[in-house]
Amino acid sequence: MVNSLRNVRQNLVLTPFTASPPSSVEWRITHAPVAYQDGLDVMEARAAAIAAGTAPELVWLLEHPPLYTSGTSAKDNDLLEARFPVFAAGRGGQFTYHGPGQRVVYLMLDLKRRRPDVRAYVASLEELIIRTLAAFNVRGERREDRVGVWVARPDKGEGFEDKIAAIGVRLKRWVSLHGIAINVEPDLSHFTGIVPCGVEDPRYGTTSLIDLGLPVTMEDVDVALLAAFGEIFGASIMREPDRPAKEHAALENGRGPG
């Protein structure tokens, strides 16, 4: 039965999650590490502006310094060793890790104009990851009983799978916050301080594109993400809009507000 459920989830037929009327989404890349609280502050402010109709939707690509985040379902005993700062994220899910070498993608999208369906939105984020990985000939898969996107690891043994990307979502006034994190080349030992997303089965670990033997750069992943995003969510555009100095600092310099 479990395998049947997994196959159903893996073969979801998705419809595009484009906006109505169509509009371009601002696409931002910050190269310097962004402090986690600063990232939250920017997301909150931008989501409020999107809901008010005073700012365009935003996809923000960044990296964080090493840290752990706890979602609304996090269990205290899943924090095995607080090796790095721990932040309450406000998103759904449990404990996860962010750090250098991981492409974090924060999506601030107006789901009222797109499709006010949380499950459909999460499925679209899964599809965004799966299509991005496919650009590097990696088969990412959904699992009915586990969040995120997984890759089979028959080289490790029968039934072994590794998580390569995480998903965490929060909505405010039907504007999305948080998003996805794809492991490009993080230090995988940093995940051992937590039970990632509460998954304790020893057959299920964590991997990255580099761990899979693929010489992929962050820039390569960004190009693949942009292409996949356009297929699912519609056109993106690189912009230089006017914005408050605090938000400008966080988006452009990675220093964050204040």
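# Briefing: strands, helices and salt bridges

His178 is found in strand E10. Helices (H or I, at least four residues) and strands (E, at least two) are DSSP runs, numbered from the N terminus. His178 is buried, with a relative accessible area of 4%. Buried means under 20% relative accessible area, exposed means over 50%, and partly exposed lies in between (1.4 Å probe, protein chains only). This is a predicted model, in which local features need pLDDT of at least 70, side-chain atom pairs count only at pLDDT 80 or more, and totals for chains, interfaces and linings use all residues. Residues are numbered from 1 along each chain as its sequence is written, and side-chain values use heavy atoms, leaving out hydrogens and water.

**The whole chain**

- The secondary structure comes to six helices and twelve strands.
- The chain has 258 residues, and buried residues make up 50% of them.
- Take the contacts between residues at least 6 apart in sequence: 73% of them join residues at least 24 apart. A contact here means heavy atoms within 4.5 Å.
- The accessible surface of the chain is about 11700 Å², and carbon and sulfur atoms account for 53% of it. Accessible areas come from the Shrake-Rupley method with a 1.4 Å probe; for residues, only the protein chains shown count as cover.

- Strand E2 covers residues 58-62, and five of its five residues are buried.
- Leu58, Trp60 and Leu62 point one way from E2. Val59 and Leu61 point the other way.
- Strand E1 (residues 25-29) runs parallel to E2, and four bridges join them. Two strands pair if DSSP finds at least two bridges between them.
- Trp27 has Val59 in E2 as its bridge partner.

- Strand E8 (residues 146-152) is mostly covered, with five of its seven residues buried.
- Strand E7 (residues 141-143) pairs with E8 in the antiparallel sense, over two bridges.
- Two residues lie between E7 and E8, and the two strands form a hairpin.
- Glu141 has Trp150 in E8 as its bridge partner.
- E8 also runs antiparallel to strand E9 (residues 161-172), and four bridges join these two.
- Ala152 stands opposite Glu161 in E9.

**Helix H5**

- Helix H5 (residues 218-233) has 16 residues, which at 1.5 Å a residue should span 22 Å. Its end C-alpha atoms are 21 Å apart, which agrees. The expected span is 1.5 Å times one less than the number of residues.
- The buried residues of H5 are Met218, Val221, Asp222, Ala224, Leu225, Ala228, Phe229, Ile232 and Phe233. They cover an arc of only 165° around the axis, which puts them on the same side of H5. The arc is that of the directions from the helix axis to the C-beta atoms.
- An α-helix has 3.6 residues a turn, so residues three or four places apart point the same way.
- Exposed residues Glu219 and Val223 are on the face of H5 turned away from its buried side.

**Salt bridges**

- A salt bridge is a side-chain nitrogen of Lys or Arg within 4 Å of a carboxyl oxygen of Asp or Glu. By this rule the count is 20.
- Glu44 and Lys172 form one of them, with the closest N and O atoms 3.0 Å apart. This pair links distant parts of the chain: Glu44 is in helix H2 (residues 36-52), Lys172 is in strand E9, and 128 residues separate them.
- Glu44 is partly exposed, at 28% relative accessibility. Lys172 is partly exposed too, at 36%.
- Glu141 and Arg143 meet in a salt bridge at 2.4 Å, N to O. Both Glu141 and Arg143 are buried.
- Arg153 and Asp162 form another salt bridge, with the closest N and O atoms 2.9 Å apart. Both Arg153 and Asp162 are buried.
- A network of salt bridges links Glu126, Glu127, Arg131, Arg142 and Glu231.

- His178 has a phi near 60°, a positive value in a residue other than glycine.
- Arg173 also has a positive phi, near 55°.
- Arg173 sits in the loop between E9 and strand E10 (175-183).
- Arg173 is exposed, with a relative accessible area of 59%.
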